[in-house]
Structures are given as structure tokens and as C-alpha cells.
Amino acid sequence: MRLRLSILGSTGSIGRQTLEVVDAHPDRFEVVALCARSNSDLLARQAARYRPRLVVLADPTERPEEWAPKVLTGPDGLLTAATLDEADIVVIALAGQAGVRPTLAAAAAGKCIALANKESVVCAGELLMRVASENGATIRPIDSEHSALWQLLELPHRREELDHVIITASGGPFRTAPLERLETVTPAEALAHPTWRMGPKVTVDSATLMNKGLEIIEAHWLFDLPFHLIDVLIPPQSIVHALVSFRDGCTIAHAAYPDMRVPIQYALLYPERPSGVVRPLDFAALGTLEFFPPDPLRFPALELARQVGLAGSTYPTVLSASDEVAVQAFLEGRIRFTEIVPLVQHVVELHRPLCGPLTLDAILEADQWARQVTEREIARRADRR
Ligand code: MG
């Protein structure tokens, strides 16, 4: 039996690499649904090649009538794809807030979810983990550090013997640049990531380490880990993705070349580890593996995210949404690189969360609020210049 995949976000970086994994094991997979936000040209080519039953264009600029037996447009089509009866695995590779509702829908439908969308866990982790457990859904993380943690925490151990876990960060392109140089960093420089191939938002987040901050919150929810047990280290080579330390003094590390197809394949074919996508790690050829603690002055996003994670409620949504707007403003040349994190922090400090349990409505409302307030603050700064 071939595994039937519904892929939400098939034209983005993770979606395209998911299809590369499918291409590497054509006898193992059948693509039953493909969804994209707006890249209709690529979606049409993918539909012609993989012949899914369902194609969804969430933000249509044209009517993609003959691409598949069933074609849907608009964001509700994503919910159909996320809950598709025929899908054995729902791959959520959508970028940003757009992934939250489909992920929750897949969890409510009891699906096996291969999850690359950070926001679903960061903003809605409390809700998502509850809905998933109530409905028998499984979440297989695609984020490389969390895939590594998943593999490490599956090793036999007693929870009380776990001392701490470490997720790693490359440190991005400005890890050693003089601090004053960061003021004049251009979008092109921030997008030149030294080790990973990723979309633009996460690449800029990797340069500020906001990405790692969001990943601390992600690890907290995915693995039920208290925040004080989650540390971050910077190995610039991006070969070690996570480590777990036990009370007996042993630390076990997960190592692989930095290639998203490794965690994608593991999430799709778990627990199998076939060859064919990424070459085995050649330790002898690596030479040096270095580890540095992150400098809190250079990377204030880490501590901000940790505090936001501890505060919980709608704070993580505000952090994530405000960062999305701030990163976009930086990429458009409207704010400086060094303004991203202070701006997000300011918006977080302005936020007053709702009382009571976290709901999808509260998340969406906080998201809208954070976007508006961040845009307003960017406009104010522009006026002052
Ligand atoms: Mg990651």
C-alpha cells in the first residue's frame, strides 16, 4: 500500500522538498491533494505531474478549473485538504498564521500530521495538543531540531532522569559580525544563510534567532518540556540538531547534514530510514564541530521568546504575528534589521491577553491586533525619520 499524502503548502520550500522525497521513493507514496496559497504556475505544474484528486488554491488569481478532478479555491479548501478521508498523512507546510486553522482541523479529524508549520504549535500549542490527544491525532515534527528531539526522546529513558535538552541554532550570517555592523545589514545579506535552504521569513528569523526562540516554545508543547529544561547552543556547522542530557552525565546528540529532506522523510516514513535522499554523514571529513552559547546582547529574541512562552495565553501569537510583520517590513526596506526584535518586544509589552482558556478565536483576534499595532508602530517610526 502506498502512503497517501495531502500536502498543504506544496509550492513553498518545505512543500517542494517534500515532493523531492516523494520523487526519491515513487513506489512508497501517492499524492492525493496539493494546496498552495497563490503560486498558481508552480501548483499547476505539480498537479500535472502528481495527478492529485484535489487541488486547492487558497488565494486565487485565476480559476484553476482543469488541474484535478476536484478543485477548490479560498482558504476553506485548505480545511478540506487537511481532513481528507483518503489521506494517510497530512503534510502541513504552510507558512505563518495560515497554517493554524488547517492544523487544528487535521488534529480534530484524528489525522497523522507531518507538521512543518511553527505557528500552529507556537500560537496554538495548548489547544493543538489537547485536540490532538482527544481525537487520536499524531503529530510528527518536520522542524529539524524537533525531529531530532523526537528521535532522541524516543530512546528508552525515565523522564525524571532527563536533565535538560538542547536545540541548536546555526547563529545565522551575523554570528560574529561587529554589533554596530548589524545596523546596516541589508535584506540580501540577511537572506544569505550559511548552512540551510529555507524560505525568506524563517531565514531572517534565523539571523535574529527569533526562529530559535519560537522553537523553544514549540519544543515546550511538542514534548511537554518545562521551559527551564530547554537550552540553546550555536554549532555554526549545523550538523548537530539537538542533544539530550541525562542525570548520569551522558549526553546523546542527533547529527545529520543540514537538509530539510532528512526530517521530512523521517516524518513521512517513520520509523523507516531508507537511503536515497541524503548521503550518510562523514564524520571524518567534518573536521571540527564547535559549540558556542548564544550572546544575549546580540540575540535578545531568545530571552524575549522564553518570557513570552512562560506567559502563555495569546502572548506567543502576538510574538509570532508581530515578528512576521516586522520581518516583512525589514525585507521591504521599511525598518532596519536591528529594529525587528525591539519592535516586536514593544508590541508584546502593549498586549493585554484575554482571560480564560485559549481558543482559536482568541488566537485569531490577538493575531490581527498584533499585526495592526506592529504596522502602526512601523508607521510612527517612519514619521519620526
Ligand atoms: Mg528549525
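These legends describe close-up views of a predicted model. Local features need pLDDT of at least 70, side-chain atom pairs count only at pLDDT 80 or more, and totals for chains, interfaces and linings use all residues. Residues are numbered from 1 along each chain as its sequence is written, and side-chain values use heavy atoms, with hydrogens and water left out.

**View 1**
Helices (H or I, at least four residues) and strands (E, at least two) are DSSP runs, numbered from the N terminus. K111 is buried yet has no salt bridge. Buried means under 20% relative accessible area, exposed over 50%, and partly exposed in between (1.4 Å probe, protein chains only). A salt bridge is a side-chain nitrogen of Lys or Arg within 4 Å of a carboxyl oxygen of Asp or Glu. The nearest side chain of opposite charge, D85, is 5.2 Å away. For charge, Lys and Arg count as positive and Asp and Glu as negative; His and the chain ends are not counted. A polar atom of the K111 side chain lies 2.6 Å from the backbone oxygen of L84. Leaving aside neighbours within four places in sequence, K111 is in contact (heavy atoms within 4.5 Å) with residues including A82, T83, A106 and T138.

**View 1. Helix α4 and its packing partners.**
Seven of the nine residues of α4 are buried, so this helix is largely enclosed by the rest of the structure. The buried residues are V100, P102, T103, L104, A105, A106 and A107. They pack against β1 (3-8), α3 (76-82), β5 (89-92), β6, α5 (118-135) and α15 (360-384). Just after α4, G110 takes a positive phi of about 70 degrees.

Two strands pair if DSSP finds at least two bridges between them. β10 (residues 240-246) pairs with β11 in the antiparallel sense over five bridges. V240 stands opposite A255 in β11.

**View 2. P258 in the loop between β11 and α10 (261-269).**
P258 is partly exposed, with a relative accessible area of 21%. Its C-alpha atom is separated by 8.6 Å from that of Q237, 21 residues apart along the chain. Not counting residues up to four places away in sequence, P258 touches T195, W196, Q237, S238, I239 and H241.

**View 3. S206 in helix α8 (residues 200-208).**
S206 counts as buried, at 9% relative accessibility. Beyond residues up to four places away in sequence, S206 touches G171, G172, H193, M198 and N211.

**View 4. E303 in helix α12 (residues 301-311).**
E303 counts as partly exposed, at 43% relative accessibility. The side chains of E303 and Q307 make a polar contact (2.6 Å). A polar contact is a pair of N or O atoms within 3.5 Å; within protein, one must be able to donate a hydrogen and the other to accept it, and residues adjacent in sequence count only if both atoms are side-chain atoms. The C-alpha atoms of E303 and G213, 90 residues apart along the chain, are separated by 7.4 Å.
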